[in-house]
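Me: I'd like to get to know this structure by asking questions about it. Show me the sequence and the model, and we'll go from there.

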Amino acid sequence: MELTTWLTDLLDGNLIFTPQTLGYYWDGLVTTSQLVFLSLLAGLVLAIPLAIGRSSRHRWISLPIYVYTYVFRGTPLLIQLYIIYYGVVFVDGIQESIFWPLLREAFYPALIAFTLNTAAYTTEIFRGAIKATSRGEIEAARAYGMSNALTMRRIVLPSAFRRALPAYGNEVIFMLHASAIASVVTLMDLTGAARFVYARFYAPFEAFLFVAAIYLCLTFAILYFFRFLEKRLLAHLKPA
Amino acid sequence: MLDLQGYGPRLIEGAGVTLSLALLSLLLAIVLGLLTASAKMSRNWLLHKFATLYTTVIRGVPDLVLMMLLFFGGQMALNVATDALYDRFGVDWYINLNAFAAGVITIGFIFGAYMGETFRGAFLAVDEGQIEAGRAYGMSDWLVFRRIRFPLMMRHALPGLSNNWMVLLKTTALVSVIGLSDMVRVAAEASRATHEPFVFLIPVALIYLAIASVSELIFARLQKRYNVGFGGH
């Protein structure tokens with residue numbers, strides 16, 4: 001393998017960045033990606049019905065959702081993670097349930113906390129986008145005899161998604177950065193790997209600057225991906 | 001009744017740490033933000049590049065990673081510097097980086113980048129005619145800044161400022177990870193020791209919500225004040 005010899009030559013004589021520590025960083029990258037991707041996906045799925053409910057005229061639907069988003073957006077993610085991570089043991093009967101082998105590990109409590117957190121932010125982003133739908137479009141749909149559900153599905157949601165795109169891109173980057181907190185509950189994500197390398201070699205600059213560079217690359221990748229999406233999907237809104 | 005098992009006073013102390021940490025970092029962030037905004041708008045090429053690098057890198061890296069880099073790395077850099085002082089000049093001087101100071105510096109440094117962007121946009125939104133009018137009245141640069149540019153800029157900056165403050169407040173929770181006894185750390189310690197996480201963590205969450213709600217009220221009043229003369233909103 002040419003790549004391996006090239007890598008060995010490159011790392012030759014480097015005490016900190018051995019193939020082994022690079023392996024830790026790689027595993028960390030995998031964990032971080034899984035955590036961020038899965039929580040964003042689950043959060044998105046939760047946020048769509050919640051955003052529709054949040055825009056409802058009935059207070060008994062919109063108010064509980066507002067309380068949920070207010071609480072999750074108003075408290076630090078770290079507190080939410082602690083409550084779920086330390087609290088999950090005390091849910092009645094959970095230790096007998098089939099989910100216990102999963103919940104005992106740090107990954108799933110972290111995934112739940114991140115999902116609930118991003119769902120709250122995404123709900124508010126979508127609600128803003130739904131509210132900004134122009135009245136004319138809705139009236140046109142009504143005039144065509146569309147039901148409320150059909151109007152929502154065919155008219156409101158597709159245009160709301162597009163309007164929400166720039167804000168949602170920021171939320172994705174925010175989630176990537178927030179996921180560093182997972183290392184606090186013993187998860188070996190990217191930051192966890194950096195903390196391990198720091199503790200092992202007492203080399204803060206190498207350990208953290210390297211991981212900061214990885215996060216920076218990931219951030220730019222997400223940024224350009226969303227720029228590309230916006231260009232494709234919002235092309236009709238560009239001034240001629 | 002809520003039984004805090006003797007952790008009550010420490011939790012209150014922790015809340016004090018959180019609040020003073022947040023307010024001091026906000027102050028530092030505003031100062032850094034104003035400097036960054038000026039650097040970004042300056043005609044000096046080097047200053048402009050430097051400010052852009054600062055805001056890009058800081059906003060591209062997680063807060064926690066920056067905090068650890070500055071806290072652990074900062075101590076090491078200080079040690080190297082003081083060792084060199086001892087070797088060269090025989091000055092025996094040891095500085096132990098205080099966790100509170102490190103927290104204020106790190107959070108202020110991080111949010112200075114966000115504030116810089118907020119202030120830059122707000123300064124650009126100020127009508128140049130107003131500045132010229134001030135000059136025509138014979139006001140000095142500083143007087144124009146204090147009486148005209150700053151108040152007009154604040155009107156545009158306040159929504160972003162309030163948003164940054166809310167995020168900053170929640171970011172203070174991260175200092176518990178680098179060893180500062182804020183209320184999150186006290187609550188986490190108490191949860192582990194007593195095996196009653198909800199008793200400690202939920203009140204702390206409520207304190208955060210309370211601070212956020214009070215801040216919202218204050219910002220709403222400020223917004224009203226800075227909007228005087230602009231009708232509505």
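Reply: Let's begin with contact: two residues are in contact if their C-beta atoms, placed from the backbone, lie within 7 Å. Residues are numbered from 1 along each chain as its sequence is written, while chains are lettered from A and ligands numbered from 1 in the order in which they are written. This is a predicted model, so local features need pLDDT of at least 70 and side-chain atom pairs count only at pLDDT 80 or more, though totals for chains, interfaces and linings use all residues.

Me: How many residues of chain A are in contact with chain B, and which helix gives the largest share?

Reply: The two chains meet through 27 residues of chain A and 27 residues of chain B. Helices (H or I, at least four residues) and strands (E, at least two) are DSSP runs, numbered from the N terminus. Helices 3 (59-74), 4 (77-87), 9 (190-201) and 10 (204-233) of chain A each give two or more residues to chain A's side. The largest share, 10 residues, comes from helix 10 of chain A.

Me: How many nonpolar, polar and charged residues are on that side of chain A?

Reply: Here Ala, Val, Leu, Ile, Met, Phe, Trp, Tyr, Cys and Pro count as nonpolar, Asp, Glu, Lys and Arg as charged, and the others, Gly among them, as polar. Sorted that way, chain A's side has 21 nonpolar, 6 polar and no charged residues.

Me: How do helix 9 and helix 10 of chain A pack, roughly parallel or roughly antiparallel?

Reply: Axes are lines fitted to C-alpha atoms, for helices over the stretch in contact, with angles from 0 to 180 degrees between N-to-C directions. These two pack at about 165 degrees, with their axes 8 Å apart. Angles under 35 degrees count as roughly parallel, over 145 as roughly antiparallel, 65 to 115 as roughly perpendicular and the rest as oblique. So helix 9 of chain A is, relative to helix 10 of chain A, roughly antiparallel.

Me: And what about helix 3 and helix 6 of chain A: left-handed or right-handed crossing?

Reply: Helix 6 of chain A covers residues 107-131, and the pair packs at about 120 degrees with axes 9 Å apart, which means helix 3 of chain A is oblique to helix 6 of chain A. A crossing is left-handed if the near helix is turned anticlockwise from the far one by less than a right angle, and right-handed if clockwise. For helix 3 of chain A passing helix 6 of chain A, the crossing is left-handed.

Me: Over to chain B: is Lys224(B) buried or exposed?

Reply: Lys224(B) sits in helix 8 (residues 197-226) of chain B. A residue is buried if 20 or more other C-beta atoms lie within 10 Å of its own, exposed if 12 or fewer, and partly exposed in between, with C-beta atoms placed from the backbone. Because Lys224(B) has 10 other C-beta atoms within 10 Å, it is exposed.
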